[in-house]
Amino acid sequence: MEADTHRPAWKTLLAFAIIYFVWGSTYLAIRVGVSEVPPFLLAAMRFLVAGLVLYGWMIAKGERSPTARQWRSVSFLAILIFVIDYGLVFWSEQRVPSGIAAVMMATIPAFMALSEIIFLRTQRLTARLALALLIGIGGVAVLMSRSLNLGGAPIDTVGAVALIIASMSWSVASILTRKLPLPPSKVMSSGAQMLAGGVFLAVTAAALGEFRNFHPSAVSHGAWLSLLYLIVAGSIIGFTAYIWLLHHESPTKVGTYAYVNPVVAVLVGYFLGGEALGLRTILGTLLILVSVVVITTTQAKKPVVTPTVEDTAEVAES
């Protein structure tokens with residue numbers, strides 16, 4: 001981390017505002033986009049363009065392109081992160097409100113904790129972690145339960161399952177990020193992953209027949225603007241702010257976006273997207289966020305490499 005005590009405070013505040021509010025608002029932009037554009041195709045367009053920009057920028061700066069071995073690792077991670085994770089997020093937002101989708105994706109730290117306990121053995125299942133995991137599971141149950149009388153309809157089961165699979169895929173990719181050979185430059189690595197992910201998403205969209213159902217002339221200006229927002233604000237500007245913060249602030253501070261984004265997404269969905277905000281949504285969100293805060297502030301119990309935000313977020317958040 002750079003020890004730059006003379007940088008203007010407004011730069012830090014602006015960077016945090018970007019990763020808090022821009023990333024939180026991208027969930028509504030996704031919902032607007034998938035209402036008119038097939039989901040995997042929309043995701044492909046977002047990450048192809050953003051990946052080309054980041055990858056091209058690094059090449060123009062003289063950064064070396066990934067080696068063949070690194071490209072294999074990049075491609076494998078791209079499938080987990082973009083095709084499975086982001087692809088399912090885009091797909092699920094045809095069935096699940098954008099705010100709830102963000103809340104469900106906030107369960108990623110819970111799956112990361114389970115991976116730490118079961119596979120990496122860098123965590124022990126303490127009473128604190130066990131309680132946090134149970135609280136998070138309770139939050140998901142509140143959002144999905146059809147028996148609890150909390151007002152408002154439970155979220156679509158298929159959409160919820162897709163989001164859980166997406167969270168698990170991101171968690172696995174985060175673990176593998178520390179194991180696979182990747183470019184030393186985090187921007188190059190992420191740009192290459194976005195680019196490869198965009199290609200794989202396009203192939204997936206073609207395999208699902210989404211190109212046949214897509215007519216660009218029928219897409220409204222609002223949907224095109226949502227795609228532009230996702231590319232420029234969500235991926236390029238958001239990721240740049242995120243990387244800048246990692247070099248100027250502690251990973252713990254930067255990691256606060258994990259529990260601010262869902263709140264922003266719920267409020268943006270309510271005020272701008274007309275999404276419901278009843279007791280079910282509020283209670284489920286609070287339970288999941290409490291779980292996230294406890295898990296992300298629990299330190300590893302063994303002197304092994306501890307996961308940080310920098311480890312677990314190789315690409316811009318939705």
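Hi everyone, let's start with a pair of charges: Glu275 and Arg31 join their side chains in a salt bridge, 2.7 Å from N to O. By salt bridge I mean a side-chain nitrogen of Lys or Arg within 4 Å of a carboxyl oxygen of Asp or Glu. Glu275 sits in the loop between α11 and α12 (279–296) and Arg31 in helix α1 (residues 9–34), so the pair ties together parts that are 244 residues apart in sequence. Helices here are DSSP runs (H or I, at least four residues), numbered from the N terminus.

Before going on, the ground rules. This is a predicted model, where local features need pLDDT of at least 70 and side-chain atom pairs count only at pLDDT 80 or more, while totals for chains, interfaces and linings use all residues. Residues are numbered from 1 along each chain as its sequence is written, and side-chain values use heavy atoms, with hydrogens and water left out.

Back to our pair: is Glu275 buried or exposed? Glu275 is buried, at 9% relative accessible area, whereas Arg31 is partly exposed at 25%. The cut-offs are under 20% for buried, over 50% for exposed, and partly exposed in between, with a 1.4 Å probe and protein chains only.

How many salt bridges does the structure hold? There are three. Another one links Arg95 and Asp156, with the closest N and O atoms 2.8 Å apart. Arg95 is in the loop between α3 (68–92) and α4 (98–105), and Asp156 is in the loop between α6 and α7 (157–177), so this pair ties together parts that are 61 residues apart in sequence. Arg95 is partly exposed at 40%, and Asp156 is partly exposed too, at 24%. Then there is Lys253 with Glu249, at 3.7 Å from N to O. Here Lys253 is partly exposed, with 49% relative accessibility, and Glu249 is buried at 10%.

Next, a look at Ala44, in helix α2 (residues 39–60). Ala44 is buried, with 2% relative accessibility.

Arg128 belongs to helix α6 (residues 127–144) and is partly exposed at 43%. Beyond its neighbours within four places in sequence, Arg128 is in contact with Val294, Thr297 and Thr298. With Thr297 there is a side-chain to side-chain polar contact at 3.0 Å. That term covers a pair of N or O atoms within 3.5 Å; within protein, one must be able to donate a hydrogen and the other to accept it, and residues adjacent in sequence count only if both atoms are side-chain atoms.

On the surface, Val263, Leu267, Tyr270, Phe271 and Leu272 make up a nonpolar patch, with about 520 Å² of accessible area together. Val263 is in helix α11 (residues 257–271) and is partly exposed at 34%. Patch members have over 30% relative accessible area and no salt bridge, and nonpolar side chains are joined within 5 Å.

Finally, confidence. The chain averages a pLDDT (the predictor's confidence in each residue, from 0 to 100) of 88, and 91% of the residues score at least 70. Over residues 302–317, pLDDT stays under 50, and the model has 57 contacts there beyond four places in sequence. Where pLDDT is low, the predicted coordinates should not be read in detail. Thanks, everyone!

Terms used. Patch = residues over 30% accessible without salt bridge, like charges linked within 9 Å, V, L, I, M, F, W, Y side chains within 5 Å. Areas by Shrake-Rupley, 256 points an atom, 1.4 Å probe, with all protein chains shown as cover. Helix = DSSP H or I, 4+ residues; strand = E, 2+ residues; numbered from the N terminus. Contact = heavy atoms within 4.5 Å.
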